[in-house]
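The following report concerns a predicted model. Please consult the sequence and the structure shown here while reading.

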Amino acid sequence: MKVTAQKGDFEKMPCDVLVLGMFENEENTFTRKADALLKNELGKALKNKEFSGEAGQIKIVSTLGTMAAHKVLFVGLGKKKDYNLEQLRRAASASFKAARETCARRVVTTLHLCDAKEILHERVVALTEGMVLGNYRFSQFKEERKKEKHVDEVIIVDGQKESIQRAEVIAAATMHVRDLVNMPPNIATPTYLADEALKLKMLGVKVTVYGKKELEKMRFNAMLSVAQGSAQEPKFVVMEYGKGKLYSFVGKGITFDSGGLDIKPPKMMEDMKYDMAGAATVMGIMEVVATLKLPVHIVCAFPTCENMPSGTSYRPSDVITAYNGKTIEMMNTDAEGRMILSDALAYIEKEYKPDVMIDLATLTGACIIALGYWATGMLSNDDQLCEELVTAGNETYERVWRLPLWEEYKENMKSDVADVRSIGKGFDAGTIEGAVFLQHFVDKVKWVHLDIAGTAWFNADKYYFSRGGTGAGVRLLVKWLENRV
Ligand code: BES
Ligand code: ZN
Ligand code: ZN
C-alpha cells in the first residue's frame with residue numbers, strides 16, 4: 001500500500017472513500033462543508049442519533065456525484081478534551097479498516113487536520129502508523145488470503161512526505177516484529193532468527209552469529225543448559241551500527257517455551273511461540289535505526305534457543321556456572337529466559353562496555369498478573385533512565401510502569417549451594433524476582449529490564465493491533481533514542 005501526500009481541497013480529490021473525522025457532538029469546517037454537498041445526510045444522521053462522533057463510530061454516505069469521492073466515511077473521534085495522538089491512531093485504524101471493507105482501492109484522509117494540539121508532523125506520523133499497523137494481517141499460511149481486500153493508495157491531504165516516510169519505516173519494522181512473533185515455532189527456529197538478523201547486513205549493520213561450538217568456548221553455560229534439551233542449535237546474535245556513545249539492547253529469544261521438564265500445562269503452552277518477542281523487537285529497533293540512519297551507536301543482541309523436555313534437558317537443582325563466573329542453582333526449568341539472558345547481559349557489558357543496557361523479555365507470567373496488557377514492567381538501577389522511558393512511553397503510548405528492585409527482595413533468591421537461585425521461594429513478586437536474578441549479571445552499567453510478557457502479544461484484535469504479536473517496544477525505544485540525541 002502506497003501512502004502519499006497531496007495538497008488541495010478534499011472535495012475535489014477523486015477516490016473511493018474520503019475519510020473525515022468528527023468530535024463528539026461537535027461539527028467542524030470539514031464536516032459542515034461535506035454535509036452541505038451531501039444535502040444534509042450527516043445532519044440527518046446526527047439528528048436521529050445514528051451518529052454522534054463517539055470514538056470509533058463510523059457513518060458512510062454515498063456522494064452520488066456531488067464530490068470527487070464516491071463515498072464519505074465519517075469517523076467519530078470521541079470527546080475533544082480526551083483527544084490525543086493515540087486516539088488519532090485508533091481512529092485512523094478504524095476508519096481505514098471500514099474503508100477497506102467497502103472494497104475501496106483509493107482512500108483520501110484528513111484525520112490529522114482535526115485537532116491542533118500536537119504538532120502537524122506528529123499527527124501525520126500517528127495517522128500513518130494507525131492506518132498501516134491497522135492494515136496488518138498474518139495470513140501467509142491461509143488459502144483465504146487471496147480473497148482479502150486491499151487498499152492500493154492512501155492520500156493524506158496536506159501531509160508531509162518526511163513524516164509519512166518516517167512512520168512507514170517504523171510501521172514496517174513493527175510489522176516485521178509481528179511477523180516473526182506470529183511465525184510458527186517449527187519455522188521460526190533459532191537458526192531462522194539468526195538468518196533474519198543477517199539480512200540487516202544489507203543496511204550496513206555488522207552482524208555476528210555464534211553457534212553452539214563458539215558458545216561453548218565463550219562459556220555461555222547458562223544459555224547452553226537451556227538449549228541442551230532441544231534438537232535445535234542455539235544461536236547468539238550480535239548486531240552493531242553507528243559510532244559514538246553506545247546504547248545496547250538485549251532480547252530474550254526463546255523460540256518455543258514448553259517449560260522443559262517443569263512442563264507447562266497445554267493452555268499455558270499454546271502461545272509460547274511468542275517467547276522470542278524480545279529478540280524480534282531488538283531486530284526491529286536495529287532495522288529502524290539503520291534504515292533511517294539515526295545518528296546513534298547501538299548494539300542489539302539476542303540469545304536464542306528452544307526450551308524443551310527430553311533426556312538431555314537440564315534438571316531442577318542443577319548448578320551451572322554462568323559466563324560471569326557466578327554459580328546458579330537452577331530450580332525451575334520454566335524460568336529459562338533469565339538463564340539465557342544472564343550470559344548475554346554479562347557478555348555485552350564486558351565486551352562492549354555500553355553506556356546503557358536495556359533488555360526486553362517475555363520473562364514472567366507474574367507481570368501479566370500485576371500489570372495486565374497495557375503496561376510493560378520496568379525494573380532498573382537508574383532513576384533517570386526510568387523517567388526518560390516513562391516519557392517515551394507516554395509519547396508513543398507504549399507505556400511502561402516501574403516496579404521496585406529493593407534490597408529486601410534479594411533474600412528469596414539466596415541459595416544454599418550456589419551464588420544465586422534462579423527462582424524465589426514462594427509465589428510472591430515473580431516479576432521482581434526475575435529482575436533481581438538478572439541484576440546478578442549486570443555489573444556497573446546503567447540497566448533497564450523491560451518485562452513485555454503482557455504487552456508483546458494480544459489475544460484479540462483491538463484498535464491497530466490484531467490477535468498475536470504487537471511489536472511493542474520498537475516505537476518506545478526508537479522514540480527514547482531520538483529523545484536522547
Ligand atoms: N515465558 C514465560 C513467561 C510468560 C508466561 C510469558 C506467560 C508470557 C505469558 C517464562 O519463561 C516462564 O515460564 N516464567 C515462569 C517463571 C517461574 C517458573 C518462576 C512463570 O512466569 O511462571
Ligand atoms: Zn518458561
Ligand atoms: Zn519463557
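## Basis of the report

This is a predicted model, in which local features need pLDDT of at least 70 and side-chain atom pairs count only at pLDDT 80 or more, while totals for chains, interfaces and linings use all residues. Residues are numbered from 1 along each chain as its sequence is written, chains are lettered from A and ligands numbered from 1 in the order in which they are written, and side-chain values use heavy atoms, with hydrogens and water left out.

Donors are N, O and S atoms within 2.8 Å of the metal (3.2 Å for Na, K and Ca); water is not among the atoms, so sites may look incomplete. Four donors count as tetrahedral if all angles lie between 85 and 135 degrees; four count as square planar and six as octahedral if opposite donors are over 155 degrees apart and all others between 65 and 115; anything else is irregular.

D257 in strand β10 (residues 253-257) and D334 in the loop between β13 (327-330) and α11 (337-352) form a pair that links distant parts of the chain, 77 residues apart. Helices (H or I, at least four residues) and strands (E, at least two) are DSSP runs, numbered from the N terminus. D257 is buried, at 3% relative accessibility, whereas D334 is partly exposed, with a relative accessible area of 23%. Buried means under 20% relative accessible area, exposed over 50%, and partly exposed in between (1.4 Å probe, protein chains only).

## The zinc ion (ligand 3)

K252 (NZ), D257 (OD), D275 (OD) and E336 (OE) coordinate the zinc ion (ligand 3) at 1.9 to 2.4 Å. D257 bridges this ion and the zinc ion (ligand 2), and the two lie 3.2 Å apart. The donor residues of the zinc ion (ligand 3) have the sequence spacing K-x4-D-x17-D-x60-E. Its site is octahedral, with angles of 78 to 173° among six donor atoms.

A link between distant parts of the chain is made by D275, in the loop between α9 (266-269) and α10 (277-292), and E336, in the loop between β13 and α11, 61 residues apart. Both D275 and E336 are buried.

## Ligand 1

Ligand 1 is surrounded by 17 residues, the closest being D257, K264, D334, E336 and G365; a residue is included if one of its heavy atoms lies within 4 Å. An N or O atom in the side chain of K252 is 3.2 Å from an oxygen atom of ligand 1. A polar backbone atom of T362 lies 3.3 Å from a nitrogen atom of the ligand, and a backbone N or O atom of L363 lies 3.5 Å from a nitrogen atom of ligand 1. Of the 520 Å² of accessible area that ligand 1 has on its own, the protein covers 78%; accessible areas come from the Shrake-Rupley method with a 1.4 Å probe, and for residues only the protein chains shown count as cover.

## Positive phi values

C103, in the loop between α3 (85-101) and β5 (106-109), has a positive phi near 75°. S317, in the loop between β11 (297-307) and β12 (318-321), has a positive phi near 95°. C103 is partly exposed at 48% relative accessible area, and S317 is partly exposed at 45%.

Key. A polar contact is a pair of N or O atoms within 3.5 Å; within protein, one must be able to donate a hydrogen and the other to accept it, and residues adjacent in sequence count only if both atoms are side-chain atoms.
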